[in-house]
Amino acid sequence: MGQLEVTSASPSQTRVVGAGIARVLQAGDVVLLVGSLGAGKTTLVQGLVAALGGHEAVTSPTFTLAHRYRSTPPVTHVDLWRLEHLQEVVDLALEEELEDGGVVILEWGDAAEPLYGADALVVRLDWGRVDGARLITLEARGGAWASRFEGEVCEALTASLSAARAEAPTC
């Protein structure tokens, strides 16, 4: 499938990338966030939820496992860091959120690859070459993302980043 890289120079730009992703989300979508501790996964979700009309403060669900935000569509933000077995991911019953028209965002999403990796947007956040910078790589997997990735996702990120006067991706 398609892949796209964006550089974020600050937390505010990482939020803008999240807002760009939000522009193309549809009910039933899964986003797997992958990156080391402090790479900006929750920061990206803050921008995404705000762009979908959520007004609650977005914080890491590390100890609660999941937060559900009243946005359109509703977002369930899950942190899999503390889970040790795939069955624990299954026990979260995230399929119900998806069937009810929600979007599921999974931090430490590589732990859920066997369940959701075939049809998801995978967002990798890595440290950039400059202090504070992040390299954000988006990878479309499966039919739900294939049809909209090249055009819609790139256009949404370009529009969001351009509006924030940040470097837009090359599509």
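Reader: How many residues does the hairpin use to join β3 to β4?
Author: The hairpin joins β3 to β4 through 5 residues. This is a predicted model, where local features need pLDDT of at least 70, side-chain atom pairs count only at pLDDT 80 or more, and totals for chains, interfaces and linings use all residues. Residues are numbered from 1 along each chain as its sequence is written, and side-chain values use heavy atoms, with hydrogens and water left out.

Reader: What counts as a strand or a helix here?
Author: Both are DSSP runs numbered from the N terminus: helices are H or I with at least four residues, strands are E with at least two.

Reader: And which way do β3 and β4 run?
Author: They run antiparallel, joined by 4 bridges. Two strands pair if DSSP finds at least two bridges between them.

Reader: Which residues of β3 are on its covered face?
Author: His67 and Tyr69 are on the covered face, while Ala66 and Arg68 are on the uncovered one.

Reader: OK, zoom out. In what order do the strands sit in the sheet?
Author: The sheet is open, with 7 strands in the order β1-β7-β6-β2-β5-β4-β3 and mixed pairing. β1 (3-8) and β3 (66-69) are the edge strands, each pairing on one side only. From one strand to the next, the twist averages 15°. Axes are lines fitted to C-alpha atoms, for helices over the stretch in contact, and angles run from 0 to 180 degrees between N-to-C directions.

Reader: What holds strands of a sheet together in general?
Author: Strands pair through backbone hydrogen bonds, in a parallel or an antiparallel sense.

Reader: Is the pairing of β2 with β6 parallel or antiparallel?
Author: Parallel: β2 (residues 30-35) and β6 (residues 121-127) share 5 bridges. Leucine 33 faces valine 123 across that pair.

Reader: And β6 with β7, parallel or antiparallel?
Author: Antiparallel, over 7 bridges, with β7 covering residues 134-140. Aspartate 126 stands opposite leucine 135, and leucine 125 stands opposite isoleucine 136. The hairpin between these strands has 6 residues, and glycine 132 in that hairpin has a positive phi near 85°.

Reader: Which other residues have a positive phi without being glycine?
Author: Leucine 65 has one near 75°, and tryptophan 108 has one near 60°. Leucine 65 lies in the loop between α2 and β3. Tryptophan 108 is in the loop between β5 and α5 (113-116).

Reader: Is tryptophan 108 buried or exposed?
Author: Tryptophan 108 counts as buried, because its relative accessibility is 17%. Buried means under 20% relative accessible area, exposed over 50%, and partly exposed in between, using a 1.4 Å probe and protein chains only.

Reader: Switching to α2. Where does that helix lie?
Author: Helix α2 (residues 41-51) lies across β2, β3, β4, β5, β6 and β7, at about 150° to β2. Contact means heavy atoms within 4.5 Å.

Reader: How many of its residues are buried?
Author: In α2, 8 of the 11 residues are buried, so α2 is largely enclosed by the rest of the structure. Among them are Leu44, Val45 and Leu48. After α2 comes glycine 53, with a positive phi near 90°.

Reader: What does leucine 48 touch?
Author: Leaving out residues up to four places away in sequence, leucine 48 touches Arg15, Gly18, Ala19, Ile21, Ala22, Leu25, Val75 and Ile105.

Reader: How many residues are in the largest nonpolar core?
Author: That core has 34 residues, and Ile21, Leu48, Val123 and Leu138 have the most contacts inside it. Helix α6 (143-163) is among the elements giving two or more residues to this core, and α6 gives the most, with 7. A second, separate core of 17 residues includes Val89, Leu98, Trp108 and Ala120. A nonpolar core is a set of buried Ala, Val, Leu, Ile, Met, Phe, Trp, Tyr and Cys residues joined through side-chain atoms within 4.5 Å.
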